Amino acid sequence: MHDDHTTLAAAPFWRTKTLEQMDSAEWESLCDGCGRCCLVKLQDEDTEAIAYTDIGCQLLDDFNCRCRNYPDRQKQVPDCVRLTPETVRALGWLPPSCGYRLVEEGRDLYWWHHLVSGDRETVHAAGVSVRGKVAALEDELPLEDYVDHMVRWPLRLPRGAVRKTAKG
Ligand code: SF4
Ligand code: SF4
């Protein structure tokens, strides 16, 4: 019997699966490696509003934009948030570019995501990652200086990051 489905290219997993349905390799690959969530955030005591800073977590490799001790990170940084489908839904501060947030909102990944481009450098080329934007790591500054490092860019998309393709 002829099967029409064999002639169609399979849609990629992030368009067909919910966060809950992904296996662990798919889940991990959904991270674009931007490093934005590894920036220190400050919370206003009165309003509970969260503000990003351009200060990196003590374990952030600010060139590769990756955790320097991912398997053991919660021993060194107990307040590092472990992302799960529930936390992705609950956290209000995940960047609009974050692969988990995009899929949770039913949106597609952008051209610079490595699952689309096939290249882990495109997140840097598009200006989405924190490469070149981290002023200091948290253990390099006194706490009272953090407030001077509040920034808005982690909650925005750079202009070149929203177009449809690398050339478009
Ligand atoms: S913000 Fe999202 S995509 Fe970027 S590093 Fe964090 S988890 Fe990964
Ligand atoms: S411990 Fe690692 S994953 Fe967690 S915030 Fe710090 S750099 Fe990011």
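Helices (H or I, at least four residues) and strands (E, at least two) are DSSP runs, numbered from the N terminus. With that in hand, welcome to a short tour in close-up views. This is a predicted model, in which local features need pLDDT of at least 70 and side-chain atom pairs count only at pLDDT 80 or more, while totals for chains, interfaces and linings use all residues. Residues are numbered from 1 along each chain as its sequence is written, and chains are lettered from A and ligands numbered from 1 in the order in which they are written.

**View 1. The whole protein chain.** Let us begin with the overall picture. The protein chain has 7 helices and 6 strands, and along the sequence they follow the pattern α-α-β-β-β-β-α-α-α-α-α-β-β. A box of roughly 70 × 35 × 30 Å, taken along the principal axes, holds the C-alpha atoms of the protein chain. Of its 168 residues, 23% count as buried; a residue is buried if 20 or more other C-beta atoms lie within 10 Å of its own, exposed if 12 or fewer, and partly exposed in between, with C-beta atoms placed from the backbone. Two residues are in contact if their C-beta atoms, placed from the backbone, lie within 7 Å. Among contacts between residues at least 6 apart in sequence, 63% join residues at least 24 apart.

**View 2. Loop residue V130 and its contacts.** Here we visit the loop between α7 (122-125) and β5 (136-137), where V130 is found. V130 counts as buried because 23 other C-beta atoms lie within 10 Å. Which residues does V130 touch, not counting those up to four places away in sequence? They are C34, G35, R36, L39, D62 and C65. With D62, V130 has a C-alpha to C-alpha separation of 6.9 Å, although the two are 68 residues apart in sequence.

View 3. C65 sits in the loop between β3 (60-61) and β4 (66-67). This residue is buried, since 24 other C-beta atoms lie within 10 Å. Its phi is near 65°, a positive value in a residue other than glycine. For comparison, most residues other than glycine have a negative phi.

View 4. Two strands pair if DSSP finds at least two bridges between them. Strand β1 (residues 39-43) and strand β2 (residues 50-56) run antiparallel and are joined by 4 bridges. L39 stands opposite G56 in β2, and Q43 has I50 as its bridge partner. Is E48 buried or exposed? E48 counts as exposed, because it has 8 C-beta neighbours inside 10 Å.

View 5. Y52 is buried because it has 20 C-beta neighbours inside 10 Å. Leaving aside neighbours within four places in sequence, Y52 is in contact with L39, K41, V151, P154 and L155.

**View 6. A161, after β6.** Next comes the segment after β6, where A161 is found. A161 is partly exposed, since it has 18 other C-beta atoms within 10 Å. Beyond four places in sequence, its contacts are S97, Y110, W112, A126, G127 and V128. How far apart are the C-alpha atoms of A161 and W111? They are separated by 7.8 Å, while the residues are 50 apart along the chain.

**View 7. The surroundings of the two ligands.** A residue is near a molecule or strand if its C-beta atom, placed from the backbone, lies within 6 Å of it. Around ligand 1 there are 13 residues, of which C31, D32, C34, C37 and C98 come nearest. Ala, Val, Leu, Ile, Met, Phe, Trp, Tyr, Cys and Pro count as nonpolar, Asp, Glu, Lys and Arg as charged, and the others, Gly among them, as polar. By these classes, the shell around ligand 1 has 8 nonpolar, 3 polar and 2 charged residues. Around ligand 2 we find C38, C57, L59, L60, C67, R73, V77 and C80, and these divide into 7 nonpolar, no polar and 1 charged.
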